[in-house]
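Colleague: I am new to this model and would like to go through it step by step. Could you take my questions in turn?

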Amino acid sequence: MSLTHLSFYSAFTLSSLGLAFHRTHLISALLCLESMMLSMYVALSLWPIENQTTSSTLVPVLMLAFSACEAGTGLAMLVASTRTHGSDHLHNLNLLQC
């Protein structure tokens, strides 16, 4: 395994562990999701270069577009929950109280 693969795998693993264990604030969960998407974007960007193919060069651009949509939706949810509940703590968000 090369050093670049190790760095991508460790970045994705650390961000998923951060998402699993540090779920106090919604902004920290969104940051962990964005770091996961960033590591996947960099890995998918380098994949066609390593394999020397040009057929999958559009995949990182599509993933970047979906990541931007995900970030916008997450920030909209953050603003809406802060306005309605007064904070971005995840323990205040209960789906059973809708």
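Colleague: Which helix has the lowest mean pLDDT among the elements of the chain?

Modeller: This is a predicted model, in which local features need pLDDT of at least 70, side-chain atom pairs count only at pLDDT 80 or more, and totals for chains, interfaces and linings use all residues. Residues are numbered from 1 along each chain as its sequence is written, and side-chain values use heavy atoms, with hydrogens and water left out. The chain has a mean pLDDT (the predictor's confidence in each residue, from 0 to 100) of 86, with 95% of its residues at 70 or more. Among the elements, helix H1 (residues 3-21) has the highest mean, 90, and the lowest, 88, belongs to helix H2 (residues 26-51).

Colleague: Which element gives the largest share of the lining of the largest pocket?

Modeller: The residues that line the largest pocket include His-5, Phe-8, Trp-47 and Glu-50. H1 and H2 are the elements that give two or more residues to this lining. The largest share, 7 residues, comes from H2.

Colleague: Is Ser-87 buried or exposed?

Modeller: Ser-87 lies in the segment after helix H3 (59-85), and, leaving aside residues up to four places away in sequence, Ser-87 touches (heavy atoms within 4.5 Å) Ser-81, Thr-82 and Asn-92. With buried meaning under 20% relative accessible area, exposed over 50% and partly exposed in between (1.4 Å probe, protein chains only), the 17% of Ser-87 makes this residue buried.

Technical notes
1 Å grid on protein atoms, 1.4 Å probe; cavity = no way out; pocket = protein on both sides within 12 Å on 5 of 7 lines; lining within 4 Å.
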